Amino acid sequence: MPESSPRTGRATAARVLESEESAMSPEQSGLHDLYVDLLKDTYSAEKQLSAALPKLAKAAEDDGLADAFRSHLEETKGHLDRLEGLFASLGLAARGKLCEGMKGLIKEGGEAIEDHEKGPVRDAALIAAAQKCEHYELAAYGTMRAFAARLGREEDVGILTATLEEESACDTKLTEIAMRGVNPAAMSERGEG
Ligand SMILES: [Fe+2]
Ligand SMILES: [Fe+2]
């Protein structure tokens, strides 16, 4: 096949790309920068959540729901510790960058408290707000884990998986509390409309 054929041309371009990739360490890649940005965003999200969870626990009427918020606060402190470990292993100070997404979700949680008296309807609204926060975290940790795997940071993958599993278990527990008692009780309360 002649050198100038399109097929050979593509193969040559792929080899050039490959050699450029291997000349660059993972730390020099754009993906590494994104990974660090996401760690900072998530660190801020977890900090904000750790300040909000005691308020959610206090606002809840259902004891199981209040307990779920309190036990997730303890887990959330562990998530912050894990993130601090990840920053340290990257040689970076643990520093968040204000997570506007979590700020908005927590504001919605505050509205659930303001808009409803203590009772099952407020509890259902608190669960809705908290599950949005958990899903935000699930997205963040899932993405960070994929980035860490691509960057060859196997230890980080294990650490991020541990947190991801706790976020997922919290989400499942909130669904169970809603289905078991809170939603049926809210259903029997008169609405405002
Ligand atoms: Fe968390
Ligand atoms: Fe969480």
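Tutor: A residue is buried if 20 or more other C-beta atoms, placed from the backbone, lie within 10 Å of its own. In this predicted model, local features need pLDDT of at least 70 and side-chain atom pairs 80 or more, while totals for chains, interfaces and linings use all residues. Residues are numbered from 1 along each chain as its sequence is written, with chains lettered from A and ligands numbered from 1 in written order.

Student: OK, what share of the chain is buried?

Tutor: 30% of its 193 residues.

Student: And how many helices and strands?

Tutor: There are 6 helices and 0 strands (DSSP runs: H or I, at least four residues, for helices; E, at least two, for strands).

Student: Tell me about H6. Which of its residues are buried?

Tutor: Asp156, Ile159, Leu160, Thr163, Glu167, Cys170, Leu174, Ile177, Ala178 and Val182.

Student: What do they pack against?

Tutor: Helices H3 (63-89) and H5 (120-150). Contact here puts C-beta atoms, placed from the backbone, within 7 Å.

Student: New topic: how do H2 and H5 cross?

Tutor: The axes of H2 (residues 30-59) and H5 come within 10 Å and cross at roughly 160°. That makes the two helices roughly antiparallel (over 145 degrees). Axes are lines fitted to C-alpha atoms over the stretch in contact, with angles from 0 to 180 degrees between N-to-C directions.

Student: Which residues make that contact?

Tutor: On H2 they include Leu31, Tyr35, Ala45 and Ala59, and on H5 they include Arg122, Cys133, Phe147 and Arg150.

Student: How much of the chain's contacts join residues at least 24 apart?

Tutor: 76%, among contacts between residues at least 6 apart in sequence.

Methods. A residue is buried if 20 or more other C-beta atoms lie within 10 Å of its own, exposed if 12 or fewer, and partly exposed in between; C-beta atoms are placed from the backbone. Two residues are in contact if their C-beta atoms, placed from the backbone, lie within 7 Å. Angles under 35 degrees count as roughly parallel, over 145 as roughly antiparallel, 65 to 115 as roughly perpendicular and the rest as oblique.
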